[in-house]
Every structure is written in structure tokens, then in C-alpha cells.
Amino acid sequence: MAKWVYEFGDGTAEGTSEMRNLLGGKGANLAEMANLGLPVPPGFTITTEVCTYFYDHGETFPPDLESAVDAALEKAGKLAGHVFGDEENPLLVSVRSGSRASMPGMMDTVLNLGLSDKTVEALARQSGNARFAYDSYRRFIQMYSNVVLDVDHHNFEDILESFKERKGYSLDTELTADDWKVIITAYKAKVLEALGAPFPQDPKAQLWGAIGAVFGSWMNPRAITYRKLQNIPADWGTAVNVQAMVFGNMGETSATGVAFTRNPSTGARELYGEFLINAQGEDVVAGIRTPQNITEAARIEAGSDKPSMETALPEVFAEFRRATELLEKHYRDMQDMEFTVENGKLWMLQTRNGKRTTRASLRIAVEMANDGLITRDEAVMRIDPASLDQLLHPTIDPKADRKIIATGLPASPGAASGEIVFNSSDAEAAKAAGRPCILVRIETSPEDIHGMHASEGILTTRGGMTSHAAVVARGMGKPCVSGAGGVKVDYKAGTLTSGGVTFKKGDLVTVDGTAGQVIAGAIAMLQPELSGEFAALMEWADKKRRMGVRANAETPQDARVARKFGAEGIGLCRTEHMFFDGDRIVAVREMILASDEAGRRHALAKLLPIQRDDFAELFEIMSGLPVTIRLLDPPLHEFLPHTDKEIAEVATSLGVPEDKLRQRASDLHEFNPMLGFRGCRLAIAFPEIAEMQARAIFEGAIAAKKKTGAVVTPEIMVPLVFGKKELDLVKASIDAMAKAVEAETGESVPYYVGTMIELPRACLRAAEIAETAEFFSFGTNDLTQTGLGISRDDAASFLGPYTAKGILPSDPFVTIDLEGVGELVQIGVERGQQTRPDIKLGICGEHGGDPASIHFCEQVGLTYVSCSPFRVPIARLAAAQAALGKMVENQG
């Protein structure tokens, strides 16, 4: 027969902290505290399996649950010295939720259950405090009516506030027992009016109503939303904890409070929390009364004139401090605790691992490891890699008021304020004038690179988490909100409209790329600070990491940021990003417009010294670390102007007729450019492009070696191959250029030639391709597009329903699609290694900075991951956690 109920109290419990899947976090920790001998009010936990049964059987309970609850209630009553439902000596209970994952405030709670018109009189007699008894009863009516009977709590607040106003009271504590009786009568009348039935007086009916409501709250909207945000599965369910009530509102020697064993904001080793004398738990968090500090040091720091718990209840405080120290040592983590003091006796109501900021997480983990409470490996495993973003970018001050004008996708973390600009030229002009700006575009394209670089942040109305704007912004470390569909941009009028409000060019706005919000005006920011604990944890992580971590970078600034954050080389240098500035774009356009090879070579000769200097500077910054340079990849039409105004300007600057420019743009137009004339296809049709880039790489390597003394070994990557013959043709051009440069300079440059695996056919033909390729870099952005047949720039419109309906577990452009794209990568790895066992294997798509995808990369044995510079610390930590997780699996 199934065991639905687990009891605890009087120094023993049927459960333990290891049973959180069955008992929920709260129930498991109540059992553990009881087993530790801490003062825990007796009670019992109804398991999460009952929740599963409840939803599987039309919101009904197992037939044998009632008898188990009755038996547990009787035992809890004996331990507490009361009887549930007895009119002379009533046991009052609390009914609380408790999922295996902490979901603070998301589900329902009922306190003081068991009170009725009869039992409230007994409580008044037993306590000798009629005011306390009737205050408890009115709280119960208010809470039960709201949670179980669905009568909105504002109805009761209105009654209470009106009464206080008539009486001239300002605080609830001023009401007498007789006052509370008047309020109770009014509350019950409101319930009768709202429901057409009186407030329930039978304690047993109250209990089952509350148990049903708590299980029902597992599927309330706020709980569903929280689970989605925290990735908590719906089938986990919640437990229900029924526990004897203890009262913090019985007078001046009673109190209630919440505390942390360490400061959850900073991680400082200090008891942190609040309490209230003569109050119940909800008073601390409701904000009706101002809570008091627990420690005297905190009171002094806060400048409060109200006594701390340390001075008001010194003996209880000393016992509480001992309990907190025991709990932190036992759980080996910072604890978040709830407690009540009833007539001078301490009762522990809850403990759980406390929520904390990333900064606090780092400090706590490192200090606990240094103290020997946890191992360094455990410290590394305790930090959520994605949370490090909070430390690497400016964030909005939590105290600042936000006037949110639009929301979109949180495409690139951090926050920035500036004046609105609608094109890249205006962004550069604003920067030159020293005015911070926010680039607002319907969508960005590669020609917006210089404007994105000049702006403080980016806002687009179209595009998803892996759109051009999102990818480039993350690479630059700039905040970006993408896909803000509620925003209308009118380039001609120079306006942005959202929610009926219009903003003009030059108006100040703030983008919060972490939250996906657009805010009116400039707003106070907190600047990032990297602590000593950050450096220590990263050092420990690097010692456990198997995979290397490189950065995607093509500008000196990106490369320096990457080195600062610990990148071990460049895994992707996108050479096309170097072509959009100033004189370069003119030479590129001249090459595209050339009618023959001689004309193209003439234009490419202008680009050669620029490319050579670019590569030389990257090699110098990386000082001997590997640098993977991808040959020109995007279709040529991306470099040409599009609007009539742009065509006229370019035609004038190049000295060519506008018609010729339009004709060339028309010739290069493609219906599906992502699968068109790009990648290695450019190098095969126009080998002079690859030759120029190869020469620039080799000459740049020689120049950098002369400056730094470090040997440079470039890794030249040919994009978008689907077979060996393509790679052979391009490699032949690269090898010929290497020999030519050696003959001219007398300098031999060691180098590797490899390819970007970004087409399903390339994964299938990897064994053959590896005969030529010395390394593979999986371009999982395009492999996801071609593998799933989804355009990343258009996917935002339907990926939401796909993930909501379980067709895909998550956005496949954010976290790698294991079943499809993941298997293609695995095939590519295995077949490549069959031919070349020592082949270097990397990943350079956006997945290279995603912790879940990095775990996959560890599983399939990649050599390194490469990601945007600001995600390098995230990748370092995630790679260490993946290696540690694999070690545990192997040991198991």
C-alpha cells in the first residue's frame, strides 16, 4: 500500500533531507531539522505523489489518504498537547505547499486553520489573551477566504481600513479584542454575500479545503510562469505540509522572522534578516509594519531606533544563532530560515538553501571551499554559468524607477542609455560628438556593423535571439533588445512609436538587454566589478576543464576583451566584418563591380595591406595563441547599397553610373542567399579573393612574429563546404600562396587548413573531408538552419508555440537540438576521427557560449568551444562543470 503521509516532530521524523523529490524541499527540511533535534512544531507531509494522483484523477484524492491524515493529525495533536477539532482544547495548524525546487510565494498557504466561532473562545481562554485569539481568527478568515473560497483579499482589507479610519487607528496593533469581533462579523458577512454560503465552521472541512487549494495552486498562473522561467518540470508536483501552529502574536515575548545565515546580496558572513515582535509570519513580508533588524550590528548600520532581536530577546537570539550555525554546517550552504518565538520559546519553521545574487554566490562558494566546508569542485559546480553575465555588464540600479515603453527578447545582456538614432551614420556622428546613442533598426544587416559598434545598445523590432543584431551585439558585449514587435519604426519620419507614445531621433531611451525591456529616458546604472572570488573560482574551474575556450573576434578591441576574460585563442575571425569600414567598403564594392579578373585583382590589391595589418594586430594580441580565420563567407550583394539614396552616394564616390550599380545589385540578387553564392563558392568562382586573404594572413603572421617573437600558426578555415573536392580546390590556392610568400620573404609560416562544418552533407561526408581538413569547426548556427529547415531571422514568430507545445524543448538557436543537430555533429566527429584520429574539433556557433550546449560538446569530445568575448567566462565555467559531471558519470 502506498505511503502518502510522513510525520515529523519531537526530535524524530519519518523522512530525511534526501527525500525532497517525495516530500518537497520544505517537508524534507522540516524532517531533517526534527532529526537534528531542533525545535520544530509537530506535523506531517502529504507527498508529491498525491499531487500527481490529484491531477491524474480529476482533482480527487486517493481513497486511503483521509485515514492516514487523521492518524497523523492525532499524533501531531498529542505531541502539541491539543486535539484537532476539539472545542475546548483545539489544535490549530498551518497548511503550506512545498515543491522539490524552491518557489517562494508562488503557491498558497493557510495559517490558523481550525479556528471557528467555538474554538476561538477556547484559544482566548487558553492563551489568556482574547485580543490575540480574535486577531488570529480574523487572519484565518481573510486568508482562507482568499486562498480556498476565492474571495479577493481586497474585500477584507477595505473592511479593516474603513474600520480603522472610523476609529482613528493607524496600526492594526491598536485594535482591541472587541474591535476584532466587529471585524470578524463583517468578514463573515462579506463571505456570505460573495458565495451565498456561510464561512465553514467545521475544522475538518476547512482542512480538506486547504489541502485541495494548495495542490490546486501548483497550476495557478504565477506558479506556471515561475516554473517556465526556472525550468521546473510541471510533473514534479508539490507536497503539502500540515503543521501545528505556533504563534508569534501572543504578546511582547512572542515574535516571528526570516533570516539568512549570510548576506544574500553580498555573501558576507553575517546573520541577515528581519523580525517583528507580536506578529505572524505574513506581517514580516506584507510591509504593513516596518520589520526590525535581527542583529545589533545590522540595527546600527541601518540607523534604526527599534530594538534588534539580539537586545529585545537575548536568550532566544543566542539559541537562534546556534541553530543557524548548525544548519549551515549541516547543509553546507547558506540557509534561508523562517522562525517564530511563542512566549519566549523558539520554533524553527523552515530552512532551505537561500536565493542569492551571483556576486554573493561566488563569495559564499569560495569562502566555504577555503574553510573546508565544501570542496573546490563543489564550489565550481554551485555557480550557474549563465548568471556570470550579471558580473560582466552594466546593469540597471534595482532602486531606479522603470517607465517601460516596450518589451522584446533579451538578446544581449547588460543595459545602456542614449539618444535614439535610426542609422549607422548618425550613430557614428553621435559617438564622434561624445553623445551616447541607441541604434534603433527594424532589423540589422552586416552593413550596420560600424553603427552597432558606435552605439551603446541596439533595439530591433524584428529578429530572434540569434538574429544578426543579437549575435553581433553579444560579440561586442553591447546590450540588445530584439524582436520588439510592439514598436513601430518610421525611418522617413525619424520616429519610434510604442503604446501610443512617439519618440523622435535624439530622445533618450534605455535598453535593458538582460530583461528585454525598453525604458523611457536615461536611468541609473551599476557598473560591473570582478571580485577576487571570481578570479579564484575561474582558476579552480580551469584546472578541471578538458576543453579549450576560444573567442569569436575580429577587431582588436574584441581580441583584447577576449584575452582579459581568459580566452585561449580566437576560434572564429569573420573577415567580412573587417570590410565595412571607411575606405574598405569602397574597395570591396569596386571589386564586386569589376567586370573581369584583372579589375577584381586591382581592387583586391587595395584591400591587401588593410587585411594584412588587421591580421598582424590580431596575431600580436594573441601572442602565439591559435587564431582561426574564416575566409570571406557572406554573399557579395550584402556589401552593395540598397536604397536609391545610398546607390547615388556610392555611384558618385566610385565614379560609376547609378544604372551600372543597380544592374550589378540585380545580378547578384538571390531568392535564398543563405543557401546561395557564398562561402567556399566565392573562393572557387573567384580564387583571387581567397588568394588575397591567404597572402594577407601569411604576411601578417610574419609581421607579428617580428614584433612579438612568438611563432604564429594561423588556422585558415574554408566555409560552407559540402564535400572534399571544394576544400581541395581552395586549399590548393592557399598552399600556393604560402609557397609564394615564403619565396618572396624567405620566411616559412606554419599553418593549418580546415573547414567549417555547417551543412548536413558535410557531417555525412566528414571522413572524406578529413583527408584534406586538418581541423573541423562546427558552425552550428547554419547547421541548425539547414538541419531543421528554419531561418533563424524568421523563427521568432513560431518558435514560441513550438517550445510551449513541446515540439522542441527549447529554442534550437540558443541550445543545440540534441536529437537532430547534435546527432549530425556526433556523426561528423566520429567520421572525421576515423580518417584523422588527431583532428582538432571545435564549435564556433552561438552554442559555443551556451552552458547546456557546452555540456553536449564535452560529451562528444570536442577539442574546444568558441564564443563571443563576453561569454568566455561562462564557457570556461560551463566546460569545467561538464568535465566534472562526466567524471561523476564515469565513476558511477
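The model is predicted, so local features need pLDDT of at least 70 and side-chain atom pairs count only at pLDDT 80 or more, while totals for chains, interfaces and linings use all residues. Residues are numbered from 1 along each chain as its sequence is written, and side-chain values use heavy atoms, with hydrogens and water left out. Helices (H or I, at least four residues) and strands (E, at least two) are DSSP runs, numbered from the N terminus.

- Buried here means under 20% relative accessible area, with a 1.4 Å probe and protein chains only.
- In a regular strand, side chains alternate between the two faces of the sheet. Both faces of E16 are covered: one side has Cys437, Leu439 and Arg441, the other Ile438 and Val440, and all of these are buried.
- E16 runs parallel to strand E15 (residues 415-421), with three bridges joining them; strands pair if DSSP finds at least two bridges between them. Val421 sits opposite Leu439 in E16.
- To get from E15 to E16, the chain goes through helix H17 (residues 424-432), a right-handed β-α-β crossover. Right-handed means that, with the strands pointing away from the viewer, the path from the first strand over the helix to the second runs clockwise.
- E16 also pairs with strand E17 (residues 457-460), again in the parallel sense, over four bridges. Ile438 stands opposite Gly457 in E17.
- Helix H18 (residues 449-454) carries the chain from E16 to E17, and this β-α-β crossover is right-handed too.

**Helix H8**

- H8 (residues 203-217) has 15 residues and spans 21 Å from first C-alpha to last, close to the 21 Å expected at 1.5 Å a residue. That expected span is 1.5 Å times one less than the number of residues.
- Of its 15 residues, 11 are buried, so H8 is largely enclosed by the rest of the structure. Among them are Trp208, Ile211 and Phe215.
- Asp202 caps the N-terminal end of H8, with a side-chain oxygen 3.2 Å from the backbone nitrogen of Lys204.

**Nonpolar cores**

- The largest nonpolar core has 141 residues, and Phe776 and Phe778 have the most contacts inside it. Such a core is a set of buried Ala, Val, Leu, Ile, Met, Phe, Trp, Tyr and Cys residues joined through side-chain atoms within 4.5 Å.
- Helix H27 (residues 687-708) supplies the largest share of this core, 10 residues.
- Another core, of 66 residues, lies apart from it and includes Ile46 and Tyr144.

Technical notes
Buried means under 20% relative accessible area, exposed over 50%, partly exposed in between (1.4 Å probe, protein chains only). A polar contact is a pair of N or O atoms within 3.5 Å; within protein, one must be able to donate a hydrogen and the other to accept it, and residues adjacent in sequence count only if both atoms are side-chain atoms.
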